[in-house]
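Me: I have a structure here that I would like to go through by question and answer. Please keep it brisk.

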Amino acid sequence: MKDVIIIGAGPAGLFASYEISTKSNLKVLVIDMGKDVEKRECPMEKLGYCVNCKPCNLLHGVGGSGGISDGTLNLRPDIGGNLFEYMNEKDAMDLVKYVDEIFLKHGAPDRLYKASSEEEEYWSRRAASAGVEFVQIPQRHIGSDNTRNVIKSIRDFLKKRGVEFLLEKKVEEIEKNAVILEDGTKIETKYILIAPGRPGANWLKRQADKLGIKYRYGPIDVGVRVEVPAVIMEPICRINHDPKFRMRTKTYDDFVRTFCVNHRGFVVKEKYGEFIGVNGYSMKNKFSNNTNFALLVNVTLTEPIENTTLYGESIARIATILGGGNPLIQRLGDLRKGRRSTWKRIKENLIKPTLFSVTPGDIAMVLPHRIVTDILESLDMLDKVIPGVASDSTLLYAPEIKYYAIKVEVDKYMKTNIENIFVAGDGAGVSRGLVIAAATGILAARGILKQEGIEC
Ligand SMILES: Cc1cc2nc3c(=O)[nH]c(=O)nc-3n(C[C@H](O)[C@H](O)[C@H](O)COP(=O)(O)OP(=O)(O)OC[C@H]3O[C@@H](n4cnc5c(N)ncnc54)[C@H](O)[C@@H]3O)c2cc1C
């Protein structure tokens with residue numbers, strides 16, 4: 001019998017076990033269907049596309065989706081989730097600082113990307129004059145190559161504190177005070193913390209339906225990955241590793257944002273179940289001549305259909321069919337002219353793609369007209385802030401879809417309406433990035449400790 005079982009060894013699960021094991025003697029078992037961090041070799045890094053290993057080494061295992069990711073720490077309570085939903089501003093800032101200190105202690109680099117007040121004023125004014133908001137975020141860049149070392153250090157620390165890991169085992173079912181593994185093994189426990197990340201979001205929904213855990217549907221983001229010459233992003237990337245801009249479009253007044261900027265990075269093909277999509281990554285020791293970033297339109301649905309995941313999947317399905325199993329690539333100039341891109345046009349293009357498992361095509365055949373309009377308008381707005389972003393040679397890859405799945409109803413300690421069941425991280429819809437996933441893990445841990453009468 002364990003005291004706490006944590007499902008998922010991503011940032012939410014690791015930081016939850018960190019908090020519990022440093023503040024109590026409770027027996028913690030972390031279960032993950034993926035491999036240990038050293039074994040998480042991802043062929044994607046060598047081949048430039050995801051080969052869909054099972055479980056996917058990019059998304060599963062110790063470190064979670066962040067385990068071999070780019071590792072940009074966005075040190076703001078309202079980026080990658082929103083801690084203000086659960087606490088006041090000071091407590092939220094303190095929690096982000098606490099997460100950052102743990103990352104630093106385990107090898108995250110000291111360098112903090114933060115604009116000076118003059119730089120911030122310059123970019124804010126420049127953006128505002130184009131109807132764009134520049135979101136200033138202090139950031140730390142661990143880098144894909146170094147993230148593993150940081151995760152290893154945290155895992156070793158946890159093991160020394162007595163945390164047990166059960167890896168390459170999927171939790172099939174959750175029961176009250178027990179979990180059942182895929183081989184039928186039942187492990188009893190007092191508390192369960194469910195932190196399965198985005199890859200486990202559908203599974204979590206099924207468990208929530210079965211157990212009566214309350215939730216609602218969150219919005220999704222649908223858009224493209226934009227690839228431009230690195231040189232035009234240099235001035236902004238010098239002060240912000242992952243610069244964030246937000247805007248509202250002219251025609252539809254839709255909310256659009258830049259996300260996950262990979263300066264001198266690479267675009268990558270991803271496979272979510274049967275569907276393909278795109279993402280980006282950058283490395284500390286390997287560079288391209290391009291910079292890529294996601295340009296995402298926020299979509300919320302109201303009655304009669306609130307299930308945004310189904311909507312996103314239906315777009316991904318069309319993209320998978322039209323791309324013949326590969327993401328689509330299109331020159332912005334071709335999208336403007338209403339014609340598909342061809343390999344000839346892509347080869348003659350001034351900007352050379354960093355992903356080749358793509359099909360030149362017409363993104364307007366895949367994304368809804370409203371989203372294509374939003375993308376074209378927001379790129380033109382962004383071009384006034386960063387000249388060159390909306391040139392005809394700019395490359396667009398589609399689809400890039402961020403599913404936030406369901407949002408579980410929780411109190412400020414991530415406790416669900418079911419006794420002794422807590423949630424944390426992206427899978428429960430309470431975060432969308434490394435830092436806030438870790439922070440929600442800590443909150444859940446504190447909730448468990450509080451129930452045990454241990455004050456933090
Ligand atoms: C390629 C890529 C790059 C990214 N780069 C950044 C970045 O630079 N900065 C940033 O802030 N965010 C980044 N993110 C997002 C970030 O990784 C996630 O927000 C974060 O990892 C979420 O943490 P989590 O603990 O909630 O879930 P995850 O990290 O997804 O971990 C969940 C874990 O649960 C396990 N699991 C799921 N279901 C089960 C089950 N039934 N049984 C057992 N185990 C299960 C999975 O195997 C997984 O290891 C990136 C994501 C990707 C995919």
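The questions below go from the whole chain to single residues of this predicted model.

Me: What is the radius of gyration of the protein chain, and what does the globule rule give?
Reply: The chain holds 12 helices and 21 strands. For 456 residues the globule rule gives 23 Å, and the chain comes close to that, so it is as compact as a globular protein of that length. Its C-alpha trace spans about 65 × 50 × 45 Å along the principal axes. The radius of gyration is 21 Å.

Me: What percentage of contacts between residues at least 6 apart in sequence join residues at least 24 apart?
Reply: Buried residues account for 52% of the chain. Of the contacts counted from a separation of at least 6, those joining residues at least 24 apart make up 76%.

Me: Is Arg432 buried or exposed?
Reply: Arg432 sits in the loop between strand E21 and H12. Beyond its neighbours within four places in sequence, its contacts are Gly80, Gly81, Tyr404 and Asp426. It has 20 other C-beta atoms within 10 Å, and the cut-off is 20 or more, so Arg432 is buried.

Me: Which peptide bond is cis, with omega near 0°?
Reply: Look in strand E19, residues 395-402. Pro399 has its place there. The cis bond runs from Ala398 to Pro399.

Me: How many C-beta neighbours does Cys260 have inside 10 Å?
Reply: Phi of Cys260 is near 55°, a positive value in a residue other than glycine. Glu168 also has phi near 55°, but Glu168 lies in the loop between E6 and E7 and is partly exposed, with 14 other C-beta atoms within 10 Å. Cys260 is in strand E13. Cys260 counts as buried, and its number of C-beta neighbours is 22.

Key
Residues numbered from 1 in each chain as written. Predicted model: local features only at pLDDT ≥ 70, side-chain atom pairs only at ≥ 80, totals over all residues. Helix = DSSP H or I, 4+ residues; strand = E, 2+ residues; numbered from the N terminus. Rg over C-alpha atoms; globule rule 2.2 N^0.38 Å. Buried ≥ 20, exposed ≤ 12 C-beta atoms within 10 Å, placed from the backbone. Contact = placed C-beta atoms within 7 Å.
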